[in-house]
Amino acid sequence: MLQNYKSDHIVWMRDGGSANCEIPQLLSPFAKIPAALAAVFSVFLVGVPTLFFSLLYFFGPKEMVEDPGFAMAPQIFLGFMCLFPLPVAIYILRWAGLIAFGKTTIRIDQKRLALITKFGPFWSTRKCKLNELGGFRIEFSQMLEANKHLAGRSSLVAVRKDGRSVHLLRAYPDQIVNQLADELPLKIEAITGLNPASGRVDASSLGSEVQAVGPTEVLSRLDKPIGSNLVIEDSGYELIIRIPKQGFLKKASKAGKLVMAGFMLAEVFILGLLVPALIAGKVEGDPAAGWVIVVVFTLINICVVLYNLSEGVRRGTLRVTESQLTLEEAGLFSSNQQTWQVDTIDSVKVKIDRHERVGEDGAVSYSCHLAVRSRMDIEEEVEWFDNLEKSELEWMVTSIKDRLGLE
């Protein structure tokens with residue numbers, strides 16, 4: 001039996017042991033730009049080879065067209081198109097169509113929270129098991145400063161307990177995002193409560209947090225960020241926050257992992273094919289150029305591996321007592337430890353650094369770290385825990401200030 005649950009902007013439909021919510025198409029115009037560019041590129045990817053082959057086939061040199069071997073040209077061209085350009089173009093068109101015109105539904109059943117997007121014959125499904133769900137986060141675009149039309153819009157993210165996330169909405173009006181953030185935990189509790197034996201999920205167990213609106217805004221956080229692996233120990237006398245090792249490539253983005261995989265693959269071919277050919281003297285031209293390629297690619301790969309290994313083994317500890325604040329951080333190549341007496345500390349804060357790229361694009365990026373200022377410090381400031389998320393640093397600073405009674 002279907003039951004409707006109407007809210008200000010969204011209608012929930014209950015169908016037996018599940019609840020569904022169709023999201024209205026209220027995408028920001030800015031979000032449709034990459035979809036339009038992708039559609040143009042997919043047409044270009046298929047159209048240019050087809051146009052070139054058609055001109056060659058119908059208007060090519062007579063001696064080439066009359067060659068017996070040329071009779072197989074259409075089949076060869078069709079095979080080439082089916083092997084590479086056509087599948088890639090269809091995949092890009094699918095992505096563009098789902099973004100620009102897809103109808104999105106959020107579905108909750110006894111075990112999963114699913115995001116289903118459909119457009120014509122195309123569909124996309126992203127799922128998160130309810131027993132792995134840690135809560136929901138409202139995020140704001142880091143491009144807000146450069147694109148004011150994104151003001152009043154935000155994104156809703158389902159965050160797993162291990163820190164991985166699933167974007168439910170991107171650049172949607174704040175009113176809808178806030179409404180869903182409030183309703184989703186209650187809907188999950190209601191649906192899973194229909195069959196407690198399968199594992200009821202209480203709404204109170206699903207956290208909710210908000211990301212700072214701008215990259216330079218710092219929030220006070222009383223609760224540890226959802227999905228964070230920081231470990232807190234509070235004995236009453238001493239507060240300890242431990243930063244465990246992240247693991248190799250844990251912090252790398254998907255794009256970063258693909259780039260690294262590409263360099264590794266190139267290194268395999270270089271060491272497996274180019275080096276033996278150089279040793280055997282079978283490379284045409286100056287062998288020195290070949291050895292330069294070998295050395296450069298090998299050094300790049302070594303640097304990439306060492307950097308990710310260094311980031312993966314970084315660990316730290318924060319200790320707060322009534323009289324002292326101690327920070328410790330250790331990595332592959334260095335370690336730092338410093339202790340401050342509470343009565344000498346002037347401030348503890350999340351420091352935001354702005355980096356502006358020199359050039360025509362003028363791209364801006366931000367980095368952050370924990371900063372302690374003391375009247376007793378005479379050495380250069382140490383950038384503590386700059387490998388952590390901004391929300392984690394905000395929580396750590398709030399915990400320190402609450403413990404020490406700082407403003």
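Contact is taken here to mean heavy atoms within 4.5 Å. The model is predicted, and local features need pLDDT of at least 70, side-chain atom pairs count only at pLDDT 80 or more, and totals for chains, interfaces and linings use all residues. Residues are numbered from 1 along each chain as its sequence is written, and side-chain values use heavy atoms, with hydrogens and water left out. Helices (H or I, at least four residues) and strands (E, at least two) are DSSP runs, numbered from the N terminus.

An open sheet is made of 4 strands in the order 9-8-7-10, with mixed pairing; two strands are said to pair if DSSP finds at least two bridges between them. The edges are held by strand 9 (165-173) and strand 10 (207-210), each of which has a single partner strand, so one side of each lacks a neighbour in the sheet. From one strand to the next, the twist averages 15 degrees. Strand 8 (residues 153-160) and strand 9 run antiparallel and are joined by 6 bridges; V157 has H167 of strand 9 as its bridge partner. Strand 8 also pairs with strand 7, in the antiparallel sense and over 6 bridges, and here I138 stands opposite L156 of strand 8. Strand 7 and strand 10, by contrast, run parallel and are joined by 4 bridges, with G135 opposite G207 of strand 10.

Burial was assigned from relative accessible area (buried under 20%, exposed over 50%, partly exposed in between; 1.4 Å probe, protein chains only). In strand 7, 7 of the 7 residues are buried, so this strand is largely enclosed by the rest of the structure. Helix 5 (residues 174-192) lies across strand 7 (133-139), strand 8 and strand 9, and runs at about 145 degrees to strand 9. For such angles, axes are lines fitted to C-alpha atoms, for helices over the stretch in contact, and the angles run from 0 to 180 degrees between N-to-C directions.

E139 lies in strand 7 and, at 17% relative accessibility, counts as buried. Its side chain makes polar contacts (pairs of N or O atoms within 3.5 Å; within protein, one must be able to donate a hydrogen and the other to accept it, and residues adjacent in sequence count only if both atoms are side-chain atoms). One of these joins the side chain of E139 to that of R137 at 3.1 Å, and another, of 3.5 Å, joins the side chains of E139 and H167. Beyond neighbours within four places in sequence, E139 is in contact with S154, S155, V157, H167 and Q211.

A nonpolar core is defined as a set of buried Ala, Val, Leu, Ile, Met, Phe, Trp, Tyr and Cys residues joined through side-chain atoms within 4.5 Å. The largest has 30 residues, of which L113, L133, F136, L156, L168, L180 and L184 touch the most other members. At least two residues of this core come from each of strand 3 (18-23), strand 4 (103-108), strand 5 (112-119), strand 7, strand 8, strand 9 and helix 5. Helix 5 gives the most, with 7 residues. With neighbours within four places in sequence set aside, L168 is in contact with L113, L115, F136, L156, V157, A158 and L184. Another core, of 25 residues, lies apart from this one and includes V320, W384, L388 and I400.

Strand 5 pairs with strand 6 (residues 122-129) in the antiparallel sense over 8 bridges, and L115 stands opposite R126 of strand 6. The two strands form a hairpin with 2 residues between them, and G120 in the turn has a positive phi of about 60 degrees. W123 lies in strand 6 and, at 55% relative accessibility, counts as exposed. Not counting residues up to four places away in sequence, W123 touches R94, L98, T117 and K118.

Two of the helices were compared with their expected span (1.5 Å times one less than the number of residues). Helix 4 (residues 85-101), with 17 residues, reaches 23 Å from its first C-alpha to its last, close to the expected 24 Å. Its buried residues are P85, A89, I92, A96, G97, L98 and A100. Helix 7 (residues 287-313), with 27 residues, reaches 39 Å, close to the 39 Å expected. Among the buried residues of helix 7 are G290, V294, N301 and N308.
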